There are 2 protein chains.
Amino acid sequence: MTPANPAFDTVADTADVTALLERGRALSAPVLRAAVDRLASPMDTVAAYHFGWIDAEGRPSDGDGGKAVRPALALLSAEAAGAPAEAGIPGAVAVELVHNFSLLHDDLMDGDEQRRHRDTVWKVHGPAQAILVGDALFALAYDLLLELGTVEAGRAARRLTTATRKLIDGQAQDISYEHRERVTVEECLEMEGNKTGALLACAVSIGAVLGGADDRTADTLEAYGYHLGLAFQAVDDLLGIWGDPESTGKQTWSDLRQRKKSLPVVAALAAGGEASERLGELLAADAKSNDFDSFSEEEFAARAALIEEAGGREWTAQEARRQHGHAIEALHAVDMPHRVREQLTELADFVVVRKR
Amino acid sequence: MTPANPAFDTVADTADVTALLERGRALSAPVLRAAVDRLASPMDTVAAYHFGWIDAEGRPSDGDGGKAVRPALALLSAEAAGAPAEAGIPGAVAVELVHNFSLLHDDLMDGDEQRRHRDTVWKVHGPAQAILVGDALFALAYDLLLELGTVEAGRAARRLTTATRKLIDGQAQDISYEHRERVTVEECLEMEGNKTGALLACAVSIGAVLGGADDRTADTLEAYGYHLGLAFQAVDDLLGIWGDPESTGKQTWSDLRQRKKSLPVVAALAAGGEASERLGELLAADAKSNDFDSFSEEEFAARAALIEEAGGREWTAQEARRQHGHAIEALHAVDMPHRVREQLTELADFVVVRKR
């Protein structure tokens, strides 16, 4: 992978990271599939479609199930506590179930019609199934953890609950910001911390908790995951405007088309100066425009150029680097095997350098 | 309360039951309110509207929060295990949160516009808030239980998960049955056991588990709750057709208007004979009719009369008595204080005799 990336100049050791992601997928996928198979019909089918295991007609499919960063982190998390990677599997799958519960519901709430290059569940199977299967995945996550019946599983479930509540808070903020003309950089970061940081943080602590780590260790690992999540989201926000459609699977200027108040936009508006003011006027007019849907490529490109001119692109790239730095720093506070520390570092590099 | 009831000839000692329900409400309401206050804005407001604490304009309201049978049961459950009623409070509130999570989502999925004499949340605050606040109540239920941090709380949470999964299965069945011409009595009972029995069962075991009861005791208490739930639902199905609108807060022939395949309908269709066949033909024609929404009182009354003539009303009343009997029987298998056994018996009588 060439690092034609918005935030970093280095090339991450992607071979190692690819192997880590692959291990996360390989160890968690059978357990995830078995869990989904527990669902009553037709929820099992709808879930299988969502995960990309079958297509809309029910035929087996080799769909894109996402990067699977969370399972990889949950397994490393167990190893960080000195336990075997396998101890993290129920945590990896529980986090993945909660992540996908939120995707199912958010896509419906936001009216998003595409995810991972395919029609979203509510488009294919209707809103009721999107709600119901989301609920079912949520409940399944707790089933998987609590059936372990250990004190550690109870603690892991508690952390998952805290993360899930933040996830829901973040979605509530996201929805409420849509109706506001201005959102501060701090509000945007808080929302992204809730929507992306909290569950990534949980992924990095849940394996350790299942492996017997104390709360202090788990909290420190969560700090790494939280900053990693914010770095991840900053890069996502850059890709949402300047990403290559071939890599991202989204339209050009995707976030601008959706009028998303993402970090580059919010930072550009907060920067002040001529470009910032011109951008503010343009976006305020866009919000009232009836022609927005028929805007040309050039009109979006003009907005993207203003965001860049006002410094929103550079600020967000710096923010990704800042959060990456905080994440690596948090790792220093935990005693863990050398190899695990290296791999968590490589994963952090990968998240900031990734093209999609 | 006069027992102009469909299933029973006796008058339950309603003074005692009223006191029990009142205690359940009084002990659980402050904890429920404090839990809802934890939600971020505007979810706290939407939830407060759903629970009837404020009206659609945000003014304090003394709305109908439901019968609160579940909290009353959860407190008795703790006492059944020899613990103080207070030990059941987190369980009572967690069950109430899950119950209301399911109401929020089901009302949206089913397109129901009225609940407890008021507009439903999705009508007032929109579908996204109904989904989001439902999710938040679900997560809050686990927060409340797992923050106790005890082994018992983990076991209680596990039982709540099992019940929630059945609740979701029941809703999935309910949705799929809508599109089918025929549903068997067994399928209908299974669906009602999932939708109503499972969470009532959990209410009756969760207090005991929090109070230190072993799994056998909890399972037996769940058997009582499960049969109680089925009795409750059978009475609900009778009231859904023949209930007095003033008491039920629903329209006349409410379930017939909604084309619900409830127990009396399904039993009447399964009975065979002339009235049964005539009913089957009518309902099959109704399913294809474009005029259904403009049907007169008389047309629904004619269908109700056929259901009764085919024996569906009497069969359902008998089913309520059968399930009531099983519930009382299950109580014999648990050793518990005499007063608690009497109160659980009175509650069972009340559920079958209630007019709404």
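Begin by selecting helix 2 of chain A, residues 43-50, in this predicted model: Met43(A), Val46(A), Ala47(A), Ala48(A), Tyr49(A) and His50(A) are buried there, where buried means under 20% relative accessible area, exposed over 50% and partly exposed in between, with a 1.4 Å probe and protein chains only. Because six of the eight residues of this helix are buried, helix 2 of chain A is largely enclosed by the rest of the structure. Helices here are DSSP runs of H or I with at least four residues, strands are runs of E with at least two, and both are numbered from the N terminus.

Residues are numbered from 1 along each chain as its sequence is written, and chains are lettered from A, and ligands numbered from 1, in the order in which they are written. Because the model is predicted, local features need pLDDT of at least 70 and side-chain atom pairs count only at pLDDT 80 or more, while totals for chains, interfaces and linings use all residues; side-chain values use heavy atoms, with hydrogens and water left out.

Next, display what covers the buried residues of helix 2 of chain A: the cover includes helix 1, helix 4, strand 2 (118-119), helix 5 (121-125) and helix 6 (127-146) of chain A, together with helix 7 (151-178) of chain B. Contact, here and below, means heavy atoms within 4.5 Å. Then look at the two ends of the helix. Pro42(A), in the loop between helix 1 and helix 2 of chain A, is joined to Ser41(A) by a cis peptide bond with omega of about 0°, and just after helix 2 of chain A, Gly52(A) takes a positive phi of about 85°. In chain B, a cis peptide bond with omega of about 0° joins Ser41(B) and Pro42(B), and Pro42(B) is placed in the loop between helix 1 (14-37) and helix 2 (43-50) of that chain.

Now select helix 1 (residues 14-37) and helix 4 (residues 89-110) of chain A, whose axes come within 9 Å and cross at roughly 65°; the axes are lines fitted to C-alpha atoms, for helices over the stretch in contact, and the angles run from 0 to 180 degrees between N-to-C directions. That makes helix 1 of chain A roughly perpendicular to helix 4 of chain A, a term for angles of 65 to 115 degrees, whereas angles under 35 count as roughly parallel, over 145 as roughly antiparallel and the rest as oblique. Leu27(A), Ser28(A), Val31(A) and Leu32(A) in helix 1 meet Ile89(A), Ala92(A), Val93(A), Glu96(A) and Leu97(A) in helix 4 of chain A. By class, this contact has seven nonpolar, one polar and one charged residues, with Ala, Val, Leu, Ile, Met, Phe, Trp, Tyr, Cys and Pro counted as nonpolar, Asp, Glu, Lys and Arg as charged, and the others, Gly among them, as polar.

Move to chain B and select helix 9 (residues 215-242) with helix 12 (residues 263-271): their axes come within 8 Å and cross at roughly 90°, which makes helix 9 of chain B roughly perpendicular to helix 12 of chain B. Ala234(B), Asp237(B), Leu238(B), Ile241(B) and Trp242(B) in helix 9 meet Leu263(B), Pro264(B) and Val265(B) in helix 12 of chain B. Centre on Ile241(B), which is buried with a relative accessible area of 1%. Not counting residues up to four places away in sequence, Ile241(B) touches Trp253(B), Asp255(B), Leu256(B), Ser262(B), Pro264(B), Val265(B), Ala304(B) and Ile307(B).

Still in chain B, select Ala72(B), placed in helix 3 (residues 69-80) and buried with a relative accessible area of 1%. Leaving aside neighbours within four places in sequence, Ala72(B) is in contact with Leu20(B), Leu21(B), Gly24(B) and Leu347(B).

Return to chain A for two backbone features. Trp253(A), in the loop between helix 10 (245-248) and helix 11 (254-257), has a phi near 50°, a positive value in a residue other than glycine, and is buried with a relative accessible area of 18%. Arg259(A), in the loop between helix 11 and helix 12 (263-271), has a phi near 55° and, at 39% relative accessibility, counts as partly exposed.

Finally, show both chains together. Chain A can be laid on chain B with an RMSD of 0.0 Å by a turn of 180° and a shift of 0.0 Å along the axis, so the two copies are related as by a two-fold rotation axis; the superposition is by least squares on the C-alpha atoms of residues with pLDDT of at least 70 in both. Of the residues of chain A, Gly154(A) comes closest to that axis, at 2.7 Å (C-alpha).
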